[in-house]
Amino acid sequence: MKKFIMVFLVPLLASCIGPGDKGIINEPAHATFRDNQLCVMVPIQDPIYLSTIQFAGSDDSAFRKVLPPYSVMVQKGDCLPNFDFKFNENVNYTLYYSLIEVGTQNIKYYSVGFSLTGQHVLLSPGAK
């Protein structure tokens, strides 16, 4: 009985999980090379504001930036900024972006996983 309480009831009471709780849903971003630079794009139709950025590499490299509200606008087809982060070959990276829709408080989360070999981006399984 104690195991039941610990495994199922405690998370429900702590509001960690529950019926109908979607959590954070990451939408796929896409990584490629454009003009000899890494270009990460998100599938948007309307302009959107960049809110936060997180990069993590299998070599323990990391980067995180929280931007001032409504300071960096992204248009359809734009490459998302990487703030001069140095991406190295043969390192697995995961990039996370959160963006705020213009005129709303709706936040969308995007992610992409990849590694670089020369001027080629090798997307991680499941990445778009």
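What is the mean pLDDT of the chain, and what percentage of its residues reach 70 or more? The mean comes out at 82, with 79% of residues at 70 or more; pLDDT is the predictor's confidence in each residue, running from 0 to 100. This is a predicted model, so to speak, in which local features need pLDDT of at least 70 and side-chain atom pairs count only at pLDDT 80 or more, while totals for chains, interfaces and linings use all residues. Residues are numbered from 1 along each chain as its sequence is written, and side-chain values use heavy atoms, with hydrogens and water left out.

Where pLDDT is low, the predicted coordinates should not be read in detail.

Ser-51 sits in strand β4 and, at 16% relative accessibility, counts as buried. Buried means under 20% relative accessible area, exposed over 50%, and partly exposed in between, using a 1.4 Å probe and protein chains only. Beyond its neighbours within four places in sequence, Ser-51 touches Lys-65, Val-66, Leu-67, Ser-98, Leu-99 and Ile-100. Pro-47, in the loop between β3 (37–41) and β4 (48–57), is partly exposed because its relative accessibility is 30%. Setting aside residues up to four places away, Pro-47 is in contact with Met-73, Val-74, Gln-75 and Val-102.

On a 1 Å grid over the protein atoms alone, a pocket is an open set of points where a 1.4 Å probe fits, with protein on both sides within 12 Å along at least five of seven lines; lining residues have an atom within 4 Å of a point. Its lining takes in 18 residues, and Asn-36, Gln-37, Leu-38, Asn-82 and Phe-87 lie nearest the centre. Strands β2 (30–34) and β3 are the elements giving two or more residues to this lining, and β3 supplies the largest share, three residues.

How values were computed
Helix = DSSP H or I, 4+ residues; strand = E, 2+ residues; numbered from the N terminus. Contact = heavy atoms within 4.5 Å.
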